[in-house]
Amino acid sequence: MSLIAFIAAASLLTITPGLDTAMVLRVATSSGTGPAFMAGIGVALGCLLWGIAASLGLGAVLRASELAYNLIKWSGAAYLCWLGINLLIHPRKNLVDSLDPSMPSATKALRQGFFTNILNPKVGIFYVTFLPQFMPSSSHLIQYAFLLTFIHAMITILWFAILALATAPLLRFLKRPRFLSVIDRLTGCVFIAFGLKIALSKAK
């Protein structure tokens with residue numbers, strides 16, 4: 001029953017709009033379904049690493065150490081603000097990734113999804129507080145925590161794949177440079193807002 005309850009809770013938390021959703025939607029509406037799916041995989045990889053780290057005790061360290069928490073927090077805030085400022089200053093004019101032409105858009109999307117997630121210390125705090133609620137009374141706690149983390153990562157990939165496919169019909173409108181530029185600038189504002197939110201956050 002604890003496993004079913006975890007799947008239900010993790011699914012609800014995954015589909016709740018947040019920073020990761022904003023990232024995937026931006027990639028989906030500007031670069032297409034494939035890159036958006038890769039961004040979702042990047043987010044899931046970040047979740048997977050955070051879940052494993054929390055299972056091994058890093059989440060508890062983040063919760064207890066203000067220095068460790070702040071190092072990740074400021075790195076994440078700076079990264080998001082950097083992304084947001086780039087989108088405001090250099091919005092796309094077409095569906096080609098003009099910000100980094102040397103790197104395929106799918107590869108860049110994977111990287112952005114991963115770093116957006118892994119540089120948010122709140123994700124580590126989430127795992128260290130969320131997973132214990134669904135842990136059984138057994139001697140294989142670490143292995144079970146790994147299992148729950150893997151399930152959450154798979155739910156994340158599935159949800160963002162659905163989200164990417166759902167936004168595919170919008171791509172024909174995004175051939176209009178003005179519309180694409182507006183979306184990039186709006187997303188840039190969202191990223192900066194999330195960056196400032198992370199910067200002002202405190203470990204609980």
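Helix α7 supplies the largest share of the lining of the largest pocket, namely five residues. Helices here are DSSP runs of H or I of at least four residues, strands are runs of E of at least two, and both are numbered from the N terminus. The model is a predicted one, in which local features need pLDDT of at least 70 and side-chain atom pairs count only at pLDDT 80 or more, while totals for chains, interfaces and linings use all residues. Residues are numbered from 1 along each chain as its sequence is written, and side-chain values use heavy atoms, with hydrogens and water left out.

The pocket itself has a volume of about 740 Å³. A pocket is an open set of points on a 1 Å grid over the protein atoms alone, where a 1.4 Å probe fits, with protein on both sides within 12 Å along at least five of seven lines; lining residues have an atom within 4 Å of a point. The volume is the space filled by probe spheres set on the points, which are joined across faces, edges and corners. Of the 26 lining residues, Gly18, Leu19, Asp20, Asn120 and Val123 are the closest to the pocket centre. Two or more lining residues come from each of α1 (2–15), α2 (19–31), α3 (33–56), α6, α7 (121–130), α8 (141–167) and α9 (177–200).

Turning to the overall fold, the protein chain has nine helices and zero strands. Buried residues (under 20% relative accessible area, 1.4 Å probe, protein chains only) account for 45% of its 204 residues. Of the contacts (heavy atoms within 4.5 Å) between residues at least 6 apart in sequence, 86% join residues at least 24 apart.

A closer look at helix α6 (residues 105–118) brings in threonine 116, which counts as buried because its relative accessibility is 2%. The side chain of threonine 116 reaches the backbone oxygen of glutamine 112 at 2.6 Å. Residues up to four places away in sequence aside, threonine 116 touches Leu19, Asp20, Met23, Tyr79, Leu80 and Leu83. Two of these partners, Leu19 and Asp20, are also among the residues closest to the centre of the largest pocket.

With a relative accessible area of 8%, proline 91 is buried. Its contacts, leaving aside neighbours within four places in sequence, are Asn86, Ser181, Asp184 and Arg185. For proline 91 and arginine 185, 94 residues apart along the chain, the C-alpha atoms are separated by 6.3 Å.

Notes: Buried means under 20% relative accessible area, exposed over 50%, partly exposed in between (1.4 Å probe, protein chains only). A polar contact is a pair of N or O atoms within 3.5 Å; within protein, one must be able to donate a hydrogen and the other to accept it, and residues adjacent in sequence count only if both atoms are side-chain atoms.
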